[in-house]
Amino acid sequence: MLTEEMEKLALSLPGTQENAHFGTRDFRVGKRIFMSLPEAGRAVFKFTPDQQRMLLEMEPGVCAAVPGGWGERGWTSFYFVDADEELVRQSMETAWRNVAPKSLVKKNGGT
């Protein structure tokens, strides 16, 4: 998957806007970030620590916890270039659901 495809997919999620912080592009719902694109080929997703653990066990070559406290809170590097497209989509949607208002998630088929 290419960076442009990641951008398009992120912006297709309801309520998503592109912004930036600390010189890094990010994607948010309201003021809450669910994904950033810090460098070519790598996204950082907002997962819960449990979601992160599960993904690290299932996809160790694709994912890695962000170093330090951010990673302890669930922020996860996701190397998307050679990743399965469905895994990318599911991971991004999970990160989006983690930060989106519950009313928006429910309105768009989430629980």
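A residue counts as buried when its relative accessible area is under 20%, and as exposed when that area is over 50%. Keep this in mind as you go through the views of this predicted model.

Figure 1. Of the 111 residues in the protein, 44% count as buried. A compact globule with 111 residues would have a radius of gyration near 13 Å, and the protein agrees, because its own value is 13 Å. Along the principal axes, the C-alpha atoms fill a box of roughly 35 × 30 × 25 Å. The accessible surface comes to about 6500 Å², and carbon and sulfur atoms make up 52% of that surface.

Figure 2. Five helices and six strands form the secondary structure of the protein. If you trace the sequence, you can follow the pattern α-β-β-β-β-α-β-α-β-α-α. Now look at contacts between residues at least 6 apart in sequence: 50% of them join residues at least 24 apart.

**Figure 3. The largest nonpolar core.** In soluble globular proteins, nonpolar side chains tend to be buried together. Here the largest nonpolar core has 28 residues, and the members touching the most others are Met 6, Phe 34, Met 35, Phe 45, Phe 78 and Met 92. Two or more core residues come from each of these elements: helix H1 (3-12), strands E2 (24-29), E3 and E4 (42-46), and helices H4 (85-99) and H5 (102-107). Helix H4 gives the most to this core, with six residues.

Figure 4. You will find Ser 36 in strand E3, which covers residues 32-39. Is Ser 36 buried or exposed? Its relative accessible area is 8%, so Ser 36 is buried, falling below the 20% cut-off. Leaving aside residues up to four places away in sequence, Ser 36 touches His 21, Thr 24, Arg 25, Asp 26, Arg 42, Ala 43 and Val 44.

**Figure 5. Gly 61 in its loop.** Gly 61 sits in the loop between helix H2 (49-58) and strand E5 (63-65). With a relative accessible area of 73%, Gly 61 is exposed. How far apart in space are Gly 61 and Ser 103? Their C-alpha atoms are 35 Å apart, while the two residues are 42 residues apart in sequence.

**Figure 6. Charged side chains.** The protein carries 14 positive and 15 negative side chains. The centres of these two sets lie 12 Å apart.

How values were computed. Residues are numbered from 1 along each chain as its sequence is written. This is a predicted model: local features need pLDDT of at least 70, side-chain atom pairs count only at pLDDT 80 or more; totals for chains, interfaces and linings use all residues. Side-chain values use heavy atoms; hydrogens and water are left out. Helices (H or I, at least four residues) and strands (E, at least two) are DSSP runs, numbered from the N terminus. The radius of gyration is taken over C-alpha atoms; the globule rule is 2.2 Å times the number of residues to the power 0.38. Buried means under 20% relative accessible area, exposed over 50%, partly exposed in between (1.4 Å probe, protein chains only). Contact means heavy atoms within 4.5 Å. Accessible areas come from the Shrake-Rupley method with a 1.4 Å probe; for residues, only the protein chains shown count as cover. Lys and Arg count as positive and Asp and Glu as negative; His and the chain ends are not counted. The place of a charge is taken as NZ of Lys, CZ of Arg, CG of Asp or CD of Glu. A nonpolar core is a set of buried Ala, Val, Leu, Ile, Met, Phe, Trp, Tyr and Cys residues joined through side-chain atoms within 4.5 Å.
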